[in-house]
Amino acid sequence: KANELFMRKVALALVGYMIVLAVVYPYMVRDQFGWWDVALLVMIIGAGSLMEYLFGITSRIFLVANQEAYISLTLLIASKIVSTIVTVILILQGFSIHAVRLAMVVCFALEPVLIQLIVRKKYHIRTDVEPDYSALAHRGDAVAHSLADVISQNIGVFLLAILTSPVVISIYSVYNLVLENLQKIQKAFTNNLEAVFGDI
């Protein structure tokens with residue numbers, strides 16, 4: 001319960017960040033794209049992360065701690081497959097980038113919602129309890145670790161967003177997909193090891 005309330009605060013901070021980014025970033029690329037197009041795209045992309053913080057993370061942490069990370073990994077793989085199929089269909093049909101990204105967000109947003117439903121149904125989790133904040137005594141360390149991870153994973157795109165054009169970012173993103181997928185394969189193995197060490 002404490003973790004869920006904490007994630008809601010993180011989600012609220014994310015909403016603030018999305019609004020600032022949606023207002024500021026379009027001015028940085030206004031020569032190439034319209035203000036509304038960029039602002040809307042920022043909000044669409046951010047909505048996927050928002051769904052993750054509101055619904056998925058707490059349940060995913062619970063599954064990992066309970067040695068059942070395979071449930072969330074299975075749903076993640078299924079959502080990626082469905083998202084890829086939907087994306088290809090929409091691109092071949094000539095839909096806009098906004099429609100394609102929105103469809104991807106919807107596909108990925110189903111995964112955290114389903115994880116939460118599965119956890120609540122399988123474990124009959126009560127939500128009417130008082131939060132135990134002592135369980136999150138070291139949350140500052142976890143936030144710092146997560147922030148450092150996000151920065152290290154996305155520093156290339158961040159610097160390119162400030163220093164170059166969206167065309168260069170697009171090219172970089174396509175080439176970076178290979179590295180990101182290799183990292184995801186590696187994380188699939190190490191995430192399970194974390195649960196084992198936690199159990200020990």
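Helices α1 and α2 each give at least two residues to the lining of the largest cavity. The helices here are DSSP runs of H or I with at least four residues, numbered from the N terminus. On a 1 Å grid over the protein atoms alone, a cavity is a set of points where a 1.4 Å probe fits but cannot get out, and lining residues have an atom within 4 Å of a point.

The model is predicted: local features need pLDDT of at least 70 and side-chain atom pairs pLDDT 80 or more, while totals for chains, interfaces and linings use all residues. Residues are numbered from 1 along each chain as its sequence is written, and side-chain values use heavy atoms, with hydrogens and water left out.

How many cavities of 30 Å³ or more does a search of the whole structure find? The search finds one. The largest cavity has a volume of about 50 Å³, a volume being the space filled by probe spheres set on grid points, which are joined across faces, edges and corners. Its lining is made of E4, M7, R8, Y53, L54, F55, T58 and Q116, and α2 contributes the most, with four residues.

## An open pocket

Now look at the second largest pocket, with about 250 Å³ of space. A pocket is an open set of points with protein on both sides within 12 Å along at least five of seven lines. Of the 15 residues lining the second largest pocket, K1, E4, T58, F62 and I125 lie nearest its centre.

At least two lining residues come from each of α1 (2–28), α2 (35–65) and α4 (97–123). The largest share, five residues, belongs to α2.

## A ring pair

The structure holds one aromatic pair. F62 and Y123 form this pair, which is edge-to-face, at 4.8 Å centre to centre with 75° between the planes. Rings of Phe, Tyr and Trp (its six-membered ring) pair if their centres lie within 6.5 Å; planes over 60 degrees apart count as edge-to-face, under 30 as stacked and the rest as tilted. Because F62 sits in α2 and Y123 in α4, the pair ties together parts that are 61 residues apart in sequence.

## Two packed helices

Helix α3 (residues 69–92) packs with α4 at an angle of about 160°, their axes 9 Å apart. Axes are lines fitted to C-alpha atoms over the stretch in contact, and angles run from 0 to 180 degrees between N-to-C directions. Angles over 145 degrees count as roughly antiparallel, so α3 and α4 are roughly antiparallel to each other.

Terms used. Angles under 35 degrees count as roughly parallel, over 145 as roughly antiparallel, 65 to 115 as roughly perpendicular and the rest as oblique.
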